[in-house]
Amino acid sequence: MTSQRLLAMTFAVALIPAAAVAEDPIKIGYPMPLSGPASVYGVPIVKGAEMAVQEINAAGGVKGRKLELLTRDSKASADEAVRLARELIIKNGVDFLSGTLTSAEAPAVSTIAKENKIVFVAPTSKTIQLVSPKNLHPYIFRLASNTDIDGRTGASIIAKWKDVKRVATIAPDYAYGRDAVGAFVEFIKKARPDIEIVDQQWPKLGTADFTPFITAQMGKKPDAVFCDVFGGDFVTLAKQAAPLGYFKMINNRLVDGGEVGTTDAALALGKDYPYGIWSDTYDPVIWPENEPPAHKAYIEHLKTFTKQEYASGWAIMGYASILALKAGIEKAGSTKSEAVAKAMLGLSFDTPIGKLTFDAKTHETGMGEFWGQMVKDDRYPFAIMKNPTYLSQGPYTQ
Amino acid sequence: MTDLSFLFTQFLGGLTTAMFLFLIASGLSLVFGVMRVLNFAHGSFYMLGAYLAWQAVQWLSPLLESFWLAALFAALAVAVLGGLVERLLLRHMYGKEELYQLLLTYALVLILGDAAKAIWGTQQLSVSRPPILDGAIEMFGSVLPVYNLFIMLAGGAIAVVGWLILSRSSAGRMVRAAALDREMLGALGANVGALYTGMFMASSFLAGLSGALVTPIQSIVPGMDVEVIVEAFIVVVIGGLGSFWGTFWGSLIYGQVLSFGILIMPSFSLFSVFALMAVILIVRPWGLFGKPMR
C-alpha cells in the first residue's frame with residue numbers, strides 16, 4: 001500500500017513541472033481512426049487539424065503559447081478511443097480533446113470529457129445522441145451536422161420533385177443510417193403526404209456486393225431514392241448499380257446524405273460517377289462560382305500542405321475543430337477547460353466555409369452542409385457539385 | 001409474369017454474390033483441406049491483389065489499357081508472396097498446435113494491412129470496367145450486367161478446373177494423399193514440402209486473382225481484407241471445412257439465402273445467413289459436404 005502510494009506520488013511530482021511552465025504548448029488530444037476503412041476520413045481530417053495548428057503557430061500561437069496536436073489511432077473503436085482519451089489526459093496531460101470520427105467513438109469519449117472536466121470538440125459525429133438532453137454536459141461541443149439535419153435536408157430536396165410518388169431508402173445498417181433514414185421518412189411524410197415509402201434496404205457497413213439489395217429495390221419500382229451509403233461503400237454501390245439500370249430507372253433522382261459529394265468520392269469513381277444525383281459535402285473544395293476568398297486561400301494551402309492535386313473535402317472538419325478551440329481559449333482568456341467551456345456557449349468563429357456558432361443550449365453549431373447536383377465538368381476528370389448551396393435543416397426547423 | 005422475372009433477377013443477384021464469394025473462398029478451402037491451415041491472411045492476399053491490380057493499371061495506362069494483364073500480374077505477384085510466406089514462415093508451424101498458425105496468419109493480416117496503408121494510403125481507389133465487359137444484357141426480362149456474367153463464368157470455370165485437377169491429375173492425387181496422411185506420402189518418396197508450397201501458391205494466386213477481378217465493381221479500401229474473410233469463412237463452414245465442392249455449394253446457398261432473405265425481411269438482411277450457419281453447425285457440425293473429424 002505504502003509503496004503504491006509512494007509510486008503514485010512520484011508520478012504526481014513528475015507531472016507538476018510540466019504543468020507549471022508557462023511556455024509549454026497548449027496540448028490538444030486527437031484520437032482519430034488512422035487505420036482500417038474509416039481512415040479514408042480520419043487521415044484527411046487529421047491533416048486539416050495539423051494544418052490549422054501549423055498556421056496558428058506560425059502566426060505566434062494562441063495567447064503567446066504554441067498549440068501541440070497529439071494524434072492517436074482510435075481504429076474507429078469506441079473502446080480504443082476511450083482508452084486513448086484517458087491516456088492523453090492522464091499521461092500526456094492534454095488541455096483539450098477533439099477528434100473522433102464516428103457516432104460510436106464520440107459519445108464514448110464525451111463521457112471521459114465529462115468525468116475529467118475537459119472540453120471536447122467532436123468534429124464529425126452525427127448521432128443525435130451525442131448532445132441529447134440526457135447526454136449533454138458543459139464540456140461537449142459538436143461541430144458537425146447531425147442525422148436529423150441530414151434526413152430533413154434530403155427530404156426537402158425530394159419533396160420538391162412533384163412527380164415523385166414512390167420513394168425508396170437504402171442506408172447502412174447501424175445508428176447513423178437508421179437515424180438519418182428515420183428523420184427522412186418522418187419529414188417527407190409531413191411535406192408530401194402523397195409520397196409512399198415503397199422499399200427500405202439496410203446493407204451492412206462494408207458490404208462487398210450490393211447486387212441483391214439493388215435488384216430487390218428495383219423490384220418495387222421507386223421514382224426516387226434517399227440513400228445514406230457513403231465512402232467506399234458508395235463507390236461499390238454505384239459501380240454495381242449502374243449496369244443494372246438502377247440510376248436510369250429513377251432518372252438519377254437519388255439524394256445521398258452521406259457526403260458522396262466530396263471530391264474524395266468523386267475522385268475514386270472518376271468517370272463511373274452516377275452523374276445527376278444529389279449529395280452533400282462539408283466542403284465543396286471545387287467551387288466554380290462565387291467562391292469566398294478565404295476558402296480559396298485555404299484550399300491552396302491545403303493542396304501544398306498535403307501535396308495532393310485535389311484537396312479533400314474532409315480536412316475542413318479537422319481544420320475547424322482547431323479554430324473552434326482557439327476562439328474559445330481567446331474569448332475565455334484562459335486555457336482552463338471550465339472557463340473555455342463557458343466561453344464557447346454562443347461563441348461564433350470564422351472558418352473558410354463561413355461563420356459557425358455554438359448554440360448555447362444545444363452545444364451544436366447546427367451546421368448544415370453544401371448540397372447540390374453532381375455534374376460532369378470538362379475541366380475536371382471527375383464529377384463536381386453544381387452551385388453548391390448551403391442547406392441546414394430544411395424548412396422544418398423545430 | 002413480371003413477378004417471375006423479378007424473382008429471376010433476384011436469383012441472378014444471389015448467383016453473382018455466390019460466385020464472388022466462391023472465387024475468394026475456393027483458395028481458403030483448398031489450403032485448409034490439404035494443409036489443415038486456417039489462413040486468416042487469405043483476405044489480405046485478396047486485398048493485395050486488388051491494390052496490385054490498381055497499381056498495374058496505373059503503370060500500364062500510358063501505354064495500353066489492359067485490365068487483364070494487370071489482373072494476371074496481381075495474381076502472380078500475390079502467388080509469389082504466398083510462396084515466400086509458406087517457405088519462410090508457415091513451414092515452421094506444421095505439426096504444432098493450430099493456435100500458432102492462427103497467430104501467425106493473424107499477424108500477417110496486421111502486417112499486410114499496415115503495409116498496404118503505407119504504400120497506397122487510405123484513399124478509396126477504383127478501377128474502371130474493361131470496355132469489353134461494360135454494359136448489360138437482357139435475359140428473360142432481367143437485366144444482367146456483363147461483368148456479373150463474367151464473374152459467374154469465372155467462378156464456374158475455377159470450380160470445374162479445380163475439381164478436374166484434384167480428382168484426375170497425378171498432382172491432385174498427391175494432394176489428396178497429403179490431406180489424408182502427410183508422413184506416409186513423404187515416406188513414399190513424394191516431395192511433400194514442394195507440394196505444400198505449390199498448394200499455398202495456388203491458393204494465393206486465387207486470392208490475388210479474385211482481388212484483382214473485383215476492382216472494377218468495388219472500391220479498394222483499407223479493411224476490405226477483414227470484411228471479406230468473415231464471409232469467406234461462413235461459406236467454407238457451411239460447405240464443410242476443406243471440401244472443395246462443399247465450398248462451391250456453400251457459396252451458392254449463401255448467395256440465394258442472402259438474396260431472398262433481403263426480399264422477405266429487408267430489415268434483417270444478414271440475419272438469414274447467420275441463422276443458416278447456426279442451423280447447419282447444430283445439425284451437421286462438419287458442414288454440408290465435410291466429413292466428421294476423426
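The mean pLDDT of chain A is 90, and 93% of the residues of chain A reach 70 or more; pLDDT is the predictor's confidence in each residue, from 0 to 100. The model is predicted, and local features therefore need pLDDT of at least 70, side-chain atom pairs count only at pLDDT 80 or more, and totals for chains, interfaces and linings use all residues. Residues are numbered from 1 along each chain as its sequence is written, while chains are lettered from A and ligands numbered from 1 in the order in which they are written. Two residues are in contact if their C-beta atoms, placed from the backbone, lie within 7 Å. Over residues 394-398 of chain A, pLDDT likewise stays under 50, and the model has nine contacts beyond four places in sequence for this stretch.

Chain A is assigned domain 1 (2-145 + 298-357) and domain 2 (148-281 + 369-396), with bounds that come from an automatic or database domain assignment. The centres of domain 1 and domain 2 of chain A, taken over C-alpha atoms, are separated by 31 Å. To the contact between them, domain 1 of chain A gives 13 residues and domain 2 of chain A gives 16 residues. On the side of domain 1 of chain A that touches domain 2 of chain A, six residues are nonpolar, six are polar and one is charged. In this classification Ala, Val, Leu, Ile, Met, Phe, Trp, Tyr, Cys and Pro count as nonpolar, Asp, Glu, Lys and Arg as charged, and the others, Gly among them, as polar.

An open sheet of five strands in chain A has the order S2-S1-S3-S4-S5, with parallel pairing. Strands (E, at least two residues) and helices (H or I, at least four residues) are DSSP runs, numbered from the N terminus, and two strands pair if DSSP finds at least two bridges between them. Strand S2 (67-73) and strand S5 (140-142) of chain A stand at the edges; each has a single partner strand, so one side of each is left without a neighbour in the sheet. Neighbouring strands of this sheet are turned by 20° against each other on average, direction ignored. Axes are lines fitted to C-alpha atoms, for helices over the stretch in contact, and angles run from 0 to 180 degrees between N-to-C directions. Strand S1 (residues 26-32) of chain A pairs with S2(A) in the parallel sense over seven bridges, and A:Tyr30 stands opposite A:Thr71 in S2(A). Helix H3 (residues 78-90) of chain A lies across S1, S2 and strand S3 (96-98) of chain A, running at about 165° to S1(A).

The loop between S2 and H3 of chain A contains A:Ala76. Although A:Ala76 is not a glycine, this residue has a positive phi of about 60°. Most residues other than glycine have a negative phi. A:Ala76 counts as buried because 23 C-beta neighbours lie inside 10 Å; a residue is buried if 20 or more other C-beta atoms lie within 10 Å of its own, exposed if 12 or fewer, and partly exposed in between, with C-beta atoms placed from the backbone.

A further open sheet of chain A has seven strands in the order S7-S6-S8-S9-S10-S13-S14, and its pairing is mixed. At the edges stand strand S7 (196-201) and strand S14 (384-391) of chain A, each with a single partner strand, so one side of each is left without a neighbour in the sheet. Strand S8 (residues 224-227) and strand S9 (residues 254-256) of chain A pair in the parallel sense over three bridges, and A:Val225 stands opposite A:Leu254 in S9(A).

The contact between the chains takes 39 residues from chain B and 35 residues from chain A. Among the elements that give two or more residues to the side of chain B that touches chain A are helix H1 (2-35) and helix H4 (98-120) of chain B. H1(B) provides the largest share of this side, eight residues. By class, the side of chain B that touches chain A has 17 nonpolar, 19 polar and three charged residues.
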